Each structure stands twice: as structure tokens, then as C-alpha cells.
Amino acid sequence: MKLAACLVALAACADHAGAYLEVHGGSIAFDRVEFYFGSQTGSEFGTPTQTHVTGVTYGRELSDSDLSVAPKSGTGSEVTYYVPSANTGLGEYVMVIATLNGKPVGIGEAAGFEVPKSGYSIVDIPLDAYGNVETWGNGCVAWARKHGEPPIAFVPADDRDCDGELAARDCDDAAYCQPNDPQCQPPRELCTAGTCAYGCMINGDCTPKVCVPDFACTNPACLTEPTLVDKFACLAMASGADHPQYYVGAASGEPCDGGKVPIKLPDNRACTHPYVEFAETGGGWMFSVADGGGGTCVVTITSSTSGMPFGLDRHVLISLDPMNPQDPRPTIFIGIEPTTGGCSSTKAPDGTLQINDC
Ligand SMILES: [Ca+2]
């Protein structure tokens, strides 16, 4: 679905049913305006400089290059943006950021508007001088509005601080953590009381986030490894870390680039939002996972350019969305081994796959 920008006179535009968003810059001249359409997703978020901001969060409904338009004259203070009536699901809120020569100069908004199915509506969006705005991450924006309105943010619903750590895994999803910052609070812990899981130490209690096999808590060879990745890097080399073995098409003993390993889950479980928690990537071998549908996770292996051999096998820990959203994420732990029959060859797995719930 594309939005069409209407850059001609309104009288001509109004022949078409829909909403006409009129941006009024006043004394603010701009050469480009970007539109952020959203539906409300929550009331709390974090930014790189603020935690637990109470306000309104919106999920951006479209991220399309057509979401930005320029005044007809190149630079000006007025622009009209046409949203055809066929566009549904745009949300009820729009924020606009106007720029001049690539530098933001104005910001404005309109709330509670609808795109009419027949006839047309005019939505006026006056601009304020650009300020009190933070942009970070992958297109995230927070705006501490004036006029007594609560602050707003465009952040993903499942990552409200837009730090790349999904809410299901984030110890505090309204407190931004620099990606890969091990100092970020609260600390990640191995929870061992009654269940074996990686989680977050919150108010002295270990809150499980990612369930792991029991041997992660008991295998004496790896007891002192602190992080989940350290732990599984150790367990992958240790005896007693039982797992089923899967096979990937290979040539000359090395997995073929893009080789896929389908993993059918037991117990009618679905592979929803799978995430690679750990993989043995030494030498540049990369592992990704996707939901293949029908209760199957599909691991894709990208070959190394370093020339380091894949070796006998490599181990992967994958977490899935839990059946109950309040629960920690279950995991599967598997080994992957190259076959001997060429890139398209397949071989049934050895061993029984277990889902580690907790
Ligand atoms: Ca997060």
C-alpha cells in the first residue's frame, strides 16, 4: 500500500475522497516533511537519556519512502499530503517533522483524525520550532511536547526503549541500554531457584526470562561461566549437555551457504518469534532462525569467508515466544552437523528434541 502525495492545488485534490493533511509552517520554511502515522501501543517508554517516561507510545503504521513530501516550490512553509480513503489502519495520530537542507526545523502533530471513506476531511497541522526531540535506534523518536501534553514516542510495541532488546528478554524495557553494554542494569543472572533460566535480578529476586536446559545449572564443567553465551560456549564443548543432532546439506564437508535446517517442534508447539540466543559462530559462520510455519523453526547457515572449517558440529540455542505471554521464553538446544551428500541432501535428525520450559 502506497500513499500518494498531493502536491497540486487543494481544489483539484478534493475531487478525491480521503484526508488532506495540511502542514502550516508559519515562519518555518522547510524543503521536506516526514509523516509518522501511529496507533497507540502503550503509556511508558525509555530513551537514551530518560527512563520510565510516562506518556503515550505509538507504533509506526507505515515506513515507506512515500511518507515524506516536499513543497511544490522546493522550499516553502506549506504542504498538503493526501491520504486516499482506501488507506485504512493508519492509526489515529500523526506527527510530522519538517527539515530544511537535512536539518530538522519544525515539528507538529494531529490527533484523533480519521480518513473518511467518502468525501474528504482537512487536517491542519501547525508546526512548532523543532526541539525537545530525541531520535535514536532504528527510526525511534521521542518528543517532550509543550502545551502541557504528555510526552510521546514512536517506538516498537515490543521494544519500548528501542535498544534492540525485545521486551520479552529485556530486564527493563523502559530503560534504554546501549546494545551489548554488559554494565547495563539490572544485571542478567542465572536463576537456579526451582527453575533453570537466564533472567534479571530485580529487587533481589531472579526473574526468569529465557529458560535453559537443566544441565546449564548443574553441569560441573561450566558452573562458573557468567553469561548465557559464555555458559553455552562452555557447554557446547562439555559432555553431559545432551541434545539432538540435526543435519545440513554440505559440499566437501562444509555446509553450503544459505543451507537450511528445518526443526519440527514437538507437542504441537509453534515457532513464534524465534531468536538465536547462542550459536557457535567461530570463524564467521552465521546462524539465523525464522518461523517456517506448521510448528517448524528453520535455521539458516551462512558460510564463513574466513576459511575456518565448520568442524564436526556446532551448537545453537533458540528461544521462542512462550504460549502464555507472561511466561519466560522456552528454548531448544541442538547440534548441527554437515551431511556428506551435497548441498541439497537431507538427513533426519538423531535424538529427541525437547522444549525447555520453565
Ligand atoms: Ca528493549
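Predicted model: local features only at pLDDT ≥ 70, side-chain atom pairs only at ≥ 80, totals over all residues.
## Two domains

Let's begin with the overall layout. The domain assignment of the protein gives two stretches: residues 10–154 make up domain 1, and residues 186–358 make up domain 2. Taken over C-alpha atoms, the centres of domain 1 and domain 2 lie 42 Å apart.

Three strands build an open sheet with mixed pairing, and their order is 5-1-8. Strand 5 (78–84) and strand 8 (120–126) each have a single partner strand, so they stand at the edges and one side of each has no neighbour in the sheet. On average, neighbouring strands of this sheet are turned by 20 degrees against each other, direction ignored.

Now for the pairing itself. Strand 1 (residues 18–24) and strand 5 run antiparallel and are joined by seven bridges.

Another open sheet is made of three strands in the order 19-22-21, and here the pairing is antiparallel. The edges are taken by strand 19 (259–264) and strand 21 (286–291); each has a single partner strand, so one side of each is left without a neighbour in the sheet. Neighbouring strands of this sheet are turned against each other by 25 degrees on average, direction ignored.

Strand 19 and strand 22 (residues 296–302) run antiparallel, with six bridges joining them. A handy place to look is Lys 264, whose bridge partner in strand 22 is Thr 296.

Key:
Residues numbered from 1 in each chain as written. Domains from an automatic or database assignment. Pairing = 2+ DSSP bridges. Helix = DSSP H or I, 4+ residues; strand = E, 2+ residues; numbered from the N terminus. Axes fitted to C-alpha atoms, helices over the stretch in contact; angles between N-to-C directions.
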